[in-house]
Amino acid sequence: MSGVNHPLCVIQILSGQLKGKTFPVHKPVVTLGRDSNNDIVIFDPKVSRHHARLLWENGNWSIEKVAQRNTLTVNRRSMVRSVLQNGDTIGLGEDTACLFLLAEADAQAQVTPQRVGPDQRVGSGPVTPPIMQPSGPISSVPMPAVVSPTPPPPLNRPIAEKTAIGGMPALIVSSNVGADKQTHPLLKPMISIGRHQSNDIVIGEPVISNIHAQIVREGDQWVFVHPHPARDKTLNGLIYQGNFIPGNQQFRKPLVRGDIFRIGDMHGTLVTLAYDDGSGALQEPAPDIHPIALDRPLITLGRAPITWWS
């Protein structure tokens, strides 16, 4: 498998300092960690210097953690070692997440493997290859369409059916009290949204309830559900197309390109959830909403511009 020009697989960084970077893999053993000697260097203080290894073995890709103390998850499940499938999400430490994507030949030939137990290890020796450099946005890496499984995947499997991460439906989260804007690909058929760390999409603003809403896959359609089915209500409800949905009101909306939801409170905090269908078609970005400083004795509100005279 060595010596090929096209990538065998691609690692896409979903969060952390390298968010959006991609690392095409061209060899059967790849090391990941904070140390500069790794193939893929992760700039995250919660990632170990030598954290994990990606391995091609017996016709399948696997990932294993190098030391017992290291934190490794696959699709949010803690693992010592796990066989990987196309579209799996890999967690390194607490804050860094990656997406695993197969190249065309491997994606077409892959047979759904069984998960490997945590007591199994790979006994290959140490590897000291040159450091791989990120290749830029994943759309620049030639990737084939991912083969859709038949029958449809069970509910505990991620959904990855687009050509690249840029072609996947996603939820873009922003806030008027912070500059960060986070893109969350919709990789699973049931995605929970809330402030608690157990959610798939974690939004740390106090305006968000611990478990606030859900996005579910129904056939070929994504549906936004409020409140989350596990809860009877949310604290601050939801705003959609200028209409306020109270926290105890059931609301379901099949998602279409450009849908924008907001969650706010009486203090002016607004969290924006914008849906991108992954089609690549141009769409208007969600307008920024900024707090208005109450720093004058008289403040007017209206559509017409006002000229102030001294």
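Student: Hi! Which residues does I11 touch, not counting those up to four places away in sequence?
Tutor: Hi! In this predicted model, I11 touches K21, T22, F23, V25, I40, L54, C98, L99 and F100, with residues up to four places away in sequence left out.

Student: And which residues touch the most other members of the largest nonpolar core?
Tutor: I11 is one of them, together with L54, W61, L92 and F100. That core has 25 residues.

Student: Which strands each supply at least two residues of this core?
Tutor: Among them are strand 1 (9–13), strand 2 (22–25), strand 3 (29–33), strand 5 (52–57) and strand 6 (60–65). Strand 7, strand 10 and strand 11 also each supply at least two residues.

Student: What does the second, separate core include?
Tutor: The second core has 23 residues, including I208, W222, L238 and F251.

Student: OK, back to strand 10. Which way do its residues point?
Tutor: Strand 10 covers residues 89–92. T89 and G91 point one way, while I90 and L92 point the other way.

Student: Are those four buried or exposed?
Tutor: They are all buried.

Student: What does strand 10 pair with, and how many bridges are there?
Tutor: Strand 7 (residues 72–74) is joined to strand 10 by 3 bridges, and the two run antiparallel. Strand 11 (residues 96–102) is joined to strand 10 by 4 bridges, and that pair is antiparallel too.

Student: How many residues sit between strand 10 and strand 11?
Tutor: There are 3 residues between them, and the two strands form a hairpin. G93, in the turn, has a positive phi of about 70 degrees.

Student: You mentioned T73. What is T73 in contact with, leaving aside neighbours within four places in sequence?
Tutor: T73, which lies in strand 7, is in contact with S78, M79, T89, I90 and G91.

Student: And how far is T73 from I63?
Tutor: They are 9.7 Å apart in space, C-alpha to C-alpha, and 10 residues apart in sequence.

Student: Changing topic: how many helices and strands are in the whole protein chain?
Tutor: The protein chain has 1 helix and 22 strands.

Student: How much of the chain is buried?
Tutor: Of its 310 residues, 48% count as buried.

Student: Last one: what about the accessible surface?
Tutor: The protein chain's accessible surface comes to about 17000 Å², and 54% of that belongs to carbon and sulfur atoms.

Conventions: Residues are numbered from 1 along each chain as its sequence is written. This is a predicted model: local features need pLDDT of at least 70, side-chain atom pairs count only at pLDDT 80 or more; totals for chains, interfaces and linings use all residues. Side-chain values use heavy atoms; hydrogens and water are left out. Buried means under 20% relative accessible area, exposed over 50%, partly exposed in between (1.4 Å probe, protein chains only). Accessible areas come from the Shrake-Rupley method with a 1.4 Å probe; for residues, only the protein chains shown count as cover. Two strands pair if DSSP finds at least two bridges between them. Contact means heavy atoms within 4.5 Å. A nonpolar core is a set of buried Ala, Val, Leu, Ile, Met, Phe, Trp, Tyr and Cys residues joined through side-chain atoms within 4.5 Å.
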